[in-house]
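Visitor: I'd like a close look at a single part of this model. Could you walk me through the place where two chains meet?

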Amino acid sequence: MVEQGEIRVVRCGGSTINYRKAIFTLDSKYLLCTSGDMVKVYSTATEECVHVLQGHTNLVTGIALNPTNHLQVYSCSMDGTIKLWDFTDNILIKTFTVGYKLLALYTSKAHEGCVFVIIPKENDEALDSFQLVAVRLPKSSDQEVAATELSFVLNDVSQLPKCTSYGREGEFVASVKGLHLTVYFFRNQKTYRLSLNATPKKGANNIFTCVACHPKEDCIATGHEDGKIRLWRNFNRKKEYTHSTHHWHHSAVNDLSFTPEGTNLLSGGIESVLVQWRYGEETKKDFLPRLGAAIAHISTSPEGSLYCTSHSDNKITIIQSNLRVSAVIQGLVKGDNIKTDLMIDPRTKALVLNGKPGHLQFYSLQHDKQLYNLDIVQQEYINQSGLHQFDVVKAAFDAQGSWLATVEERKEKLADLEIQLKIWVYKDEMQSFVLNTTITSPHEDHITALCFCNTNETTMLVTTGRDGRFKAWVLGDDSDIYRESVCWSCDFVGTYHNLLATNCCFSEDGSLLAVGFEQIITIWNPNTWDLVCTFCQPPGKIKDLCFGRLSCSKYLLGTTTNSFLCCWNLLTCTLEWSVGLNVILLQLDPLSENVAAFSCAAENSDLFVFRPNEPRPVYLQKNICQGSVQRAVFTPRDVPEENCSESSQWLNRSQLYFLTRDMDLMTFSTKTEEDRLTSSSKQLLIEENVPVTPFYLLLGKHRQAKLDAENGTLAAQVQLPQGSVAIKELLQTPAHVLPSATFLCTMFVNSLLISKDGKSEVPEEAEEEMESEKEEDETSDQEMDSQHKVKPEYFVEELVPKLSKKEERDLKRVRKTDYSWLCPFYGKLP
Amino acid sequence: MGEFKVHRVRFFDFMPSGIRCMAFNSKADRLALARLDGSVEIFNFSNNYFQEKVIPGNDSRSIEAICWVGCDRLFTAGLNGEVVEYDLERLCPKYTLDAFGGPIWTAACNSEETHFAFGCEDGSVKLFEILPDKIQFERNLDRQKGHSVQRILVDRGPAGTRNKDCVVWNVAFLSDYTIVSGDSAGKVQLWDANKGTLIKTHLVSKWDVLSLSVSENEDSIVAGTSEGTVVQFQLLSPKIGDTETQWVRTRTFKHHTHDVRAVTETRTAVVSGGLDTQLVICPLMDKVEVKSSESVLRKVIFPHRSLVSCAKKPSLLLFQFPDQLELWRLGGTDTIGKPGESLPVTRKPEKLLQLKRKGDDHICCSTISECGHWIAYSTVSSIRLYQLQCDNNNISITKVSKLPKVLRSAHQLQFSADSSKLFVASEQATIHVISVSRSECKHVHTFKPKSDVFLPTGSSAPVHLLAASADGQWLTSANRHCEINVYNLKKLKHHCMVPVYNSLPSAMAIHPETNNLLVTHADQQMFEFGIVDKQYTDWSRKLQKEGLHRCRLKWGTPVTHITFNPQAPSQVILHDMHMFCIIDQSLPLDGLKAQFYSQLTPKDTSETDKPRKNNALKICNKYQPLLHVNLLEDDWLVVVERPLIDIHSQLPAPVRQKKFGT
């Protein structure tokens, strides 16, 4: 009944880009970073994602530039393969199958044909013992090669890539774990183990956190839990090694990196300050403070002009070497805990959730990019452990996206709970939400739910609190002699037997309000505030509550703590049906009758999609992820899909996103969708290779015309510009030997024009006919249908262009215009 | 072991003087250290860092530079413009010489040890030739006369301090023609002496770099700063195996709170001292071969000898300061409390006497008789004896005017148990016995050191420890050649010599009943010698075989006083700076490895812990730091403490430093 496999759970954007160190390409034009199962290539100048290297089937755990070819990058993954990519053209060159879970990847110029990876001992991560091994990459022309030649380098290393570093010219490798620094010299194959004291004295904590080796000298920098940085020298002796200690960070040093020439050492930690130490003069330091979130990784570009820091809030900051921030690549901010629901901003169709502390983030799922952050709390966030600060715990949009309500809370251990309800209005002129009303202490206890009335003229907001009340807030006039304004004020306070109000929900037309009071659901008329009726399903308390939509709007759905999913008929005020199912999340599709219910049983989550009018699932999928689903949301599609199969029809108009326990954003994708995506990405690739120039724009029109012609009749066919000798000459001759632009332009435009020497359209046509005859000769055994398909290829080689009258006129005009402005662009031609 | 009522004395306001400069003699493995009050101390590094000799200070002497020549010649120069050479046996200046250049700020000796250079206030450098028995003026290098080969100008500090003058506090010259300078802007700079150019600047401190020292093989430099830090620089090659080297700042030690005025580097440790009066010996772990006494950080704060004498019967304490003596009567209480309880003081301790010394010379030793009627002290130049009359609240003191002519200066003074005799260890290595009575003072006898054929030089070493037996029959003396002699006072002749152990005796006492001599040495060893039998006792042999618990060794400061419990004759009480311990000779020894039951706290003495009662060694480190522990009559234990916090409160405020989180 339900076909499995047609719908897949996929990671969709919003994946972490701060999992591993990002690396710069040799020319610093691109930044490569791991992102879930993919590697993303960002442009350092524009912050745009240029390519996504897809191919791994599990988490990518390490990337490193190929030391022998700087246009290639190695990536390793938990799926046990090392892949070699051409990142400029997004081509997978080779796949090396190692067969072990790979946790980190290192390359070294001194070890050609070899990469170093960290693997779990006996391929079992649970043993918590990891080894650094060298993998010899076999020289073979095959696409897929098995790399089985592993040679052991170091035993018992930390699985974190930042705890191992290669020294000057790959002569040694340094690795830290616990209280030990291990240095292995490749030349004489000797291992030195340097240890620190464990005794915590004066708050010292000597545990190593990271290591970096000086690129030109034999010096190892290590970071420690207590924020100290030690510089080790003479480490090829048993005893007479020496280290100097530098202390600025107040908590653990998260990462260290030397600049390529070794003149500076960069360090970062939870303080979100990038510290630049001068090597040799460590008392002189430079700081780049206020980077927003704790620094997790630091890397430098090979020529040293750019640094980049990865932050704990899924952000990469690109910093110039004079410590100016030049670009910020922001991924989806995922804290430890998403307190707000996942929401969709009706205007931008962006996903809205908790972002930075005290902020709401608007994240475009289509472009996999953060749109903006909305500062809700509007207070400076102080990075200090044990400090309680305001945080956004609830938020809701109205149906049009013109109002946004947020709830922020602060709970100090001994102090009272502080709650603020803020209502924001969307201002078109500012293209952003602006604070309209702030209500301090709307309830005397935590607010459990809030929702807007979904009618067209939204004027009502309902909040429920643990103080046993639900409150209705309405928009009222607040004008005075100075200005005209509106504000929100309390209209009604309702209680029911002093029970805690847990949920609230408006029916689709806004005529009914359902408020859950522990075990009892009360239905209110929001116009008169009459209690219409009550439902209950004791002894379970109400967990989720929602009205059906469209044709199912007469149903009210509720889930209870004693694992029941109930559906009440509002017309008959009876229980229509109920199912024993431990539903942890109930999510309504706003564009259809479908309801998605997530249940959790035995460490795995299951999905049920059903319509309220029948207790039979439209679709069900077991084991969608490990652990329980945290949040979920339906997002409307821009273009509806056309899935014919019954099981995937529910995904036609909306897409379902959910957050797993590990805060991964996942979605369900159908086969047709994936097919379309892959085809479009290929098409994009070809188009990207053509530079956008005035010529291209012009010729683009030609090509469009050509396509039209193909679709329709056998009208004018246009050649591709690459065929022209003049263009070839123009593009291939170095800019500095080219004649002046005006001269070239004439020649160039001439080449595009039909020669004017008395030829009319008639011989053209004759020619074409002749050609087609010729073609028919060649492919006489083919069917006529194939003719059209073959033709374009055939015409590519043809040098004679064919233009319509209008295009001819355009070109003539082009010919007359002055092209001297083009001169400066010559240098930019590839 | 017993339970004691403890007098916890905290009114001994002993204030050590700040350390000004020091010099390490690697041939003799000894450190000479000069303090601000003009006293000079010599520490023997090969003998557990024991404070071997103390040359008492003098009010007119202020030392700015100290220098060794050879193994055993020590010179100092100071702001009074004089160069002093010391007699290291008699512990007094041998001769003084004026350099005629005003106050002397610095002194240096060339590596061949043929010449001295003194830097004087008037800007000149005086060159002296070193002769076997004196030094002789040779040349005057005046800065005006154009002798200088290079002239290096040290720039001012980093931005913000540019308007302040920069003073170079210290320079060092390396054999590869590198000059190292430390200045008031906190910089340590390395210069090329041939070209006069700057090689490298290390900004070490926000304040001054006050002291510099180069290790013997010139691969390490240490610099002391006003912040109390000591920074080490090492000559390292940036690439392993490369011959090219550079000076790299490596370690930073922070053991001081105030100016580090003197710093030096031995083979295995960095030694630093400063205004906070403590000498810190910080081991360089990479140079220490095995875990031994060398691998422990040591702080020397108090002298390794007793500054307190106690008159047991009248409960009097005599405190010795460099410039005065203080006599205190202990307070008392009427209440009887439970173990662990602190009793209310009903009779306050009373300062009976403050005796200022005469002359410029500082007091080097003092003593009070058992009965409390006699006080004696000595300076480098004279010995004084006072008679004390104490009738209830009236106290009168009379100086004994006519002392025998033989008494000139003493290294140690000791009254006999019945207070009838005073033993004076003179600077000539002899011991004078003086009988004291109310009527007169009479020289009875002089014990001359027994000349020993095996130790030709040993005969002239002055005595630094004396112990008399309770029955008045025996007197023992220990000298700085580790010889312990026993004299019979009845027969007035030398009785015997204890076999020489190769470590200086730090304390000794004769058991009141068995007449066994108990000696502790600087290396923490303990011996018991039967005087009558002229041999080590069985207990001593057993102790040597089995050893005391290693807890006893943990601190490493020498034992400075030994006393016995008259109530329980088998108990010996001895103390060092960090703890006092009671050794019961009747109980079996527990050896080095045995599980140790520590603490004398009453809480732990519950019946459940019976087995611990069988331990010979009991340790109490509740009172710290200890200057004196003694048993009075009636089970009273007097404990003299000098809390470090009191010393710190008397020091000037340290330089202001921003501390994170404040």
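How much area do chain B and chain A bury between them, and what share of it is on carbon and sulfur atoms?

Guide: Happy to, and keep in mind that this is a predicted model. Chain B and chain A bury about 1,700 Å² between them, and carbon and sulfur atoms carry 53% of that. As for polar links, the rule turns up 4 residue pairs in polar contact across the interface of chain B and chain A, counting pairs with both residues at pLDDT 80 or more. On the side of chain B that touches chain A, three strands of chain B each put in at least two residues: β17 (197-203), β20 (229-236) and β21 (246-254). The top contributor to that side is β21(B), which gives 5 residues. Sort the side of chain B that touches chain A by class and you get 8 nonpolar, 5 polar and 6 charged residues. In terms of contacts, 19 residues of chain B meet 20 residues of chain A.

A:A198 sits in the loop that runs between β18 (190-195) and β19 (208-213) of chain A. A:A198 counts as exposed because its relative accessibility is 55%, and the cut-off for exposed is over 50%. Now pick A:L179 as well: A:A198 and A:L179 are 19 residues apart along the chain, yet their C-alpha atoms are separated by 7.0 Å.

Methods: Residues are numbered from 1 along each chain as its sequence is written. Chains are lettered from A and ligands numbered from 1 in the order in which they are written. This is a predicted model: local features need pLDDT of at least 70, side-chain atom pairs count only at pLDDT 80 or more; totals for chains, interfaces and linings use all residues. Side-chain values use heavy atoms; hydrogens and water are left out. Contact means heavy atoms within 4.5 Å. Buried area is the accessible area (1.4 Å probe) that two parts lose on being put together, summed over both. A polar contact is a pair of N or O atoms within 3.5 Å; within protein, one must be able to donate a hydrogen and the other to accept it, and residues adjacent in sequence count only if both atoms are side-chain atoms. Helices (H or I, at least four residues) and strands (E, at least two) are DSSP runs, numbered from the N terminus. Ala, Val, Leu, Ile, Met, Phe, Trp, Tyr, Cys and Pro count as nonpolar, Asp, Glu, Lys and Arg as charged, and the others, Gly among them, as polar. Buried means under 20% relative accessible area, exposed over 50%, partly exposed in between (1.4 Å probe, protein chains only).
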